[in-house]
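Please read it alongside the sequence and the model.

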Amino acid sequence: MTEKTDIRESTPDDVTGIEQLYPEAFPDEDLLPVVRELLAEGSTILSFVGTAEGAIVGHVIFTTCTVSGSPENVSLLGPLGVIPDRQKQGIGSALVRKGLERLKQEGTSVVFVLGDPAYYGRFGFATEDGVQPPYPLPEEWYGAWQSLSLSGDAMKLQGTLAVPKPWRQRALWVA
Ligand SMILES: CC(C)(COP(=O)(O)OP(=O)(O)OC[C@H]1O[C@@H](n2cnc3c(N)ncnc32)[C@H](O)[C@@H]1OP(=O)(O)O)[C@@H](O)C(=O)NCCC(=O)NCCS
């Protein structure tokens with residue numbers, strides 16, 4: 001990562017910068033509504049920004065979720081975005097690692113993500129087949145549903161991921 005990038009938890013003052021990042025990082029997908037709703041939820045999320053010279057260049061959200069029938073604390077990673085001219089400089093990885101470190105300290109046992117295994121595999125995420133996502137995925141996406149155990153034990157949860165309201169939109173899972 002370039003020396004001038006700082007990774008820190010976001011504050012309400014960052015919302016405008018975060019909102020500017022998403023159309024740039026995801027030109028083909030409108031993630032702003034879910035990002036706004038998640039940021040407004042506050043207590044159920046962890047939100048980190050990457051900043052360079054005062055500007056927000058990367059952002060990630062981790063949402064607290066539950067698995068049906070389990071007392072474990074689990075989290076959903078996403079969205080994760082870095083502005084195009086700062087990609088491939090380690091900012092996305094630094095945001096993910098910062099979040100995983102915090103979640104581990106807080107006692108979260110498993111983190112789930114729907115994303116490219118070629119990217120998330122570098123953090124130790126692997127295909128998840130015990131816990132189902134909130135909506136059935138298209139067959140070609142099965143390998144994209146992944147998890148990472150933070151507890152050290154071979155945690156094998158079974159059930160369905162229960163997500164808070166902002167994530168309860170089928171289009172976010174099958175687009
Ligand atoms: C995906 C994204 C968050 C990665 O952030 P980043 O800061 O560019 O990533 P890092 O610098 O930490 O890591 C770069 C590495 O990830 C790889 N990479 C980046 N995006 C990737 C993707 N979608 N799939 C697989 N690998 C990817 C790069 O090729 C590079 O590989 P290398 O280390 O072997 O050279 C960023 O590229 C982005 O915002 N992309 C557009 C939005 C998006 O697709 N987000 C969803 C993530 S699944």
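At least two residues each are supplied to the lining of the largest pocket by α2 (32-41), β4, α3, β5 (110-114), α4 and α5 (171-174), where helices (H or I, at least four residues) and strands (E, at least two) are DSSP runs numbered from the N terminus. The model is a predicted one, in which local features need pLDDT of at least 70 and side-chain atom pairs count only at pLDDT 80 or more, whereas totals for chains, interfaces and linings use all residues. Residues are numbered from 1 along each chain as its sequence is written, and side-chain values use heavy atoms, with hydrogens and water left out.

**Largest pocket**

- A pocket is defined on a 1 Å grid over the protein atoms alone, as an open set of points where a 1.4 Å probe fits, with protein on both sides within 12 Å along at least five of seven lines, and its lining residues have an atom within 4 Å of a point.
- The volume of the largest pocket is about 980 Å³, a volume being the space filled by probe spheres set on the grid points, which are joined across faces, edges and corners.
- The lining of the largest pocket comprises 36 residues, of which Phe26, Pro79, Leu80, Leu114 and Tyr120 are the closest to its centre.
- Strand β4 provides the largest share of this lining, seven residues.
- By class, the lining of the largest pocket holds 21 nonpolar, nine polar and six charged residues, with Ala, Val, Leu, Ile, Met, Phe, Trp, Tyr, Cys and Pro counted as nonpolar, Asp, Glu, Lys and Arg as charged, and the others, Gly among them, as polar.

**Ligand site**

- The largest pocket is the space taken by the ligand, a molecule being assigned to a pocket if more than half of its atoms lie within 2 Å of the grid points.
- The elements giving two or more residues to the shell around the ligand are β4 (74-82), α3 (91-105) and α4 (117-120).
- Around the ligand there are 17 residues, and Val82, Lys88, Gly90, Gly92 and Ser93 come nearest, where a residue is near if one of its heavy atoms lies within 4 Å.
- This shell divides into eight nonpolar, six polar and three charged residues.
- Among the polar contacts (pairs of N or O atoms within 3.5 Å), a polar backbone atom of glycine 90 is 2.6 Å from an oxygen atom of the ligand.
- The protein buries 67% of the 840 Å² that the ligand exposes when taken alone, with accessible areas from the Shrake-Rupley method and a 1.4 Å probe.

**Second largest pocket**

- The second largest pocket contains about 160 Å³ of space.
- Its lining includes Glu9, Pro12, Leu39 and Gly42.
- Strand β2 gives the most to the lining of the second largest pocket, with three residues.

**Backbone geometry**

- The peptide bond from glycine 78 to proline 79 is cis, with omega near -10 degrees, and proline 79 lies in strand β4.
- Glutamate 53, in the loop between β2 and β3 (55-67), is a residue other than glycine with a positive phi, near 50 degrees.

Definitions and conventions:
Polar contact = N/O pair within 3.5 Å; in protein donor to acceptor, adjacent residues only side chain to side chain.
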